[in-house]
Every structure is written in structure tokens, then in C-alpha cells.
Amino acid sequence: MTMTQNAGDGSLFGVVDVGGTKIVAGIATEGEILATEKIPTEVMGGADAVTARIAGAIRSVQAQLGLEGRPLAGVGVSVPGPLDTALGIVSFTPNLHWVDYPVAARLSAALDGVPVYIDDDANCAGQGEAAFGAGVDYAHQVYLTISTGIGGAVIVDGRIDRGFRDAAGEVGHMTILPGGPDCLCGNSGCLEAIASGTAIARRARQLMIQGQDPTLARLTGGDPERVTAPMVFEAAASGDVLCQTVLDDVANYLGIALANIVMVLNPQAIILGGGVMEQAEVLLPLIDRRMRMHLIKVQREGLVLKRAALGDNSGLMGALQLVRRRRVSAASGDVS
Ligand SMILES: [Zn+2]
């Protein structure tokens, strides 16, 4: 995989995208990821073992490129949060079983003291899109990833806004439907609980269990457990009215959520990524219409709603943007 932008000063960076099942680690220049290696996360071995394998993957890619003698200027890591970006500590990540784990310090120690910077996966994906993808033209933008869950990143004046304690941008946990389905965060009626890929499949499954949906019954061979979000889109496209209603509701919830975000932040662009956006052709126009219904003229005008452009690479490109930016900040004494 290669992406070229900005010639840079010849520095080399490590970039890492840590997920619950797989990790991608690579070596990059200022504007281009030169090569990557994918390894299974293997959470059960413990956090230090994961860190050691990340360091191993970075060294392995460096060797493949014939660059093992070249020092790294820094390493950027995209990791599920919540976390503390200043201390480099992941506070709590259920998927990885990490609790207060100082991943930046441990990875730095495993890589001969190279500075390591971390940010949560949604912030990284948002920064990746802003620096290299669908958001390059906008100083004020909000990124949402709509996948098994829903995460977000707020970019104001070209900079990620992390809030008071690194907890800004939790768009998936805005209450959109009071009294709605329970959410993993402990609340109920959150956007994530009613508009994520998981929520779409769950809602359709309920319809099928109630015996109301012959299309889904056919697509799943009669087993409600096999209902997936893409099946709901397929059924809707084939004219299934119930599945069309599920998607209309999802677009409505997302439209309300985005309108609320626009009311507060007045962004130029909203970028939507994640697996559910593989159905952007169907979903994006519906969401756009619903969102605009709730906005006032000055916010509506010029506002762009777009699909993310980097796909699975957004997190890794965001890790690159993170380390580039933190290195510049460190050099200039600017700690923001
Ligand atoms: Zn929630």
C-alpha cells in the first residue's frame, strides 16, 4: 500500500493500528506508508506480549525495506480508548483487556527509546481522513465511523479537539432515542445502540423472530442468528418494506445526531466512514436529507456530507498524522 503526499525531510516513522483481532504495523515517511505487516492481536497473551510483537513487526518491516540501520523519528499508535494521550496510557479497553496500560512507555522501551504517541482509533481515523483522505479541504470537520459501534472525531481549525480529558467526540453515545435499547456504555437509546451495524442487524433479527420478514427468512435460511447488516440492505434493495423502514429509521437517527453536532460545531464537512458506509450510495442521501431538515440556513449552506476515502487505511494514516504532528509540536515546545 502506498499513498504519496508531501516530500518531507527524509524522516522515518513507525505507524501502528491496534484492533481487537488484528494489528497492522508499518514504516512511513512524512506522506507515504512504505510497507506494513499484519499480525493477529492475540489478546490472551497479555498486554506486554502484544507490545513486544508490535515492536517485532515494526523491526521486521524496517528490515524488509533494508532500513534497519535508520533511526525512527517517532511512532504513532491508533488504539481503542478511552485513553490518556498525554501520559500514553490506555485506561480501559474491553476488547484488549487492557486496564491503565502504559502502552506508549512500554513500546518506546521495546524500540530503544523512540518516542511513541497514542490516540484513540476514531480520532486517528478522523485525522487520517482530514490529512490524507476525504477531509483534506476542510479546517472544520467531524468524522464518524459507523461500524459495529459508532465513534467520532472533532477537528476544529485543523486540530483534533480532545476535550478536557480526552473524551470529546463520543458521538456514538449521544442519547437520541430516550428509553431506547440498552447500550454497552451503560446508558440506553445511544446513537450506537440504534444506528450501528450491530443495531441494524439486531432490529432486523427481531422482525424475523416475530415472523414478519420473509425476505430475511430466505436470505438467512430461516436462522435469525445469521442476520447481518448487509443482508438488511440487500432485502431493502429487493423491495422488502420492513427492511426499508429499518434503514429509514437509521437514517433518521443519524440525521438527528448529525444535525445536533452541526448545531454545536458548525463544521464545513462531516465525513462518514466504517463498514456500514459501504452502503453509502443508499444511506448517504437519506441521512443528508434528514440532517438538513433540522438545520438552519446558515449551517446548511455549504455544509458537505461525504463518505470517507481511505477505507481500512484511515487509522494507519491517522497514526502517521499523529506522530508527524506531535514531533513538530515537541520541537516547537507547543504541547497542544
Ligand atoms: Zn452508549
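Visitor: Which strand is joined to β12 by five bridges, and how do the two run?
Guide: In this predicted model, strand β9 (residues 141–146) is joined to β12 by five bridges, and the two strands run parallel. Within that pairing, Tyr143 has Ile271 of β12 as its bridge partner.

Visitor: Which strand do four bridges join to β12?
Guide: That is strand β13 (residues 304–307), which runs parallel to β12. Here Ile271 stands opposite Lys306.

Visitor: Is β12 mostly covered or mostly open?
Guide: Strand β12 (residues 269–273) is mostly covered, with five of its five residues buried. Ala269, Ile271 and Gly273 point one way, while Ile270 and Leu272 point the other way.

Visitor: Why would they alternate?
Guide: In a regular strand, side chains alternate between the two faces of the sheet.

Visitor: Changing topic: at what angle do α8 and α9 cross?
Guide: The axes of α8 (residues 241–265) and α9 (residues 280–293) cross at roughly 50° and come within 7 Å. The helices are therefore oblique to each other, and the crossing is right-handed.

Visitor: Which residues meet there?
Guide: Among them are Leu247, Ala251 and Leu258 from α8, and Leu283, Ile287 and Met291 from α9. By class, the contact has 10 nonpolar, two polar and two charged residues.

Visitor: What does Ala259 touch beyond its sequence neighbours?
Guide: Leaving aside neighbours within four places in sequence, Ala259 is in contact with Met291, His294 and Leu295. Ile296 is 37 residues from Ala259 in sequence and 9.6 Å away in space, C-alpha to C-alpha.

Note on methods: Residues numbered from 1 in each chain as written. Predicted model: local features only at pLDDT ≥ 70, side-chain atom pairs only at ≥ 80, totals over all residues. Axes fitted to C-alpha atoms, helices over the stretch in contact; angles between N-to-C directions. Parallel < 35°, antiparallel > 145°, perpendicular 65-115°, else oblique. Left-handed = near helix turned anticlockwise from the far one by under 90°. Contact = placed C-beta atoms within 7 Å. Nonpolar A, V, L, I, M, F, W, Y, C, P; charged D, E, K, R; others polar. Buried ≥ 20, exposed ≤ 12 C-beta atoms within 10 Å, placed from the backbone. Pairing = 2+ DSSP bridges.
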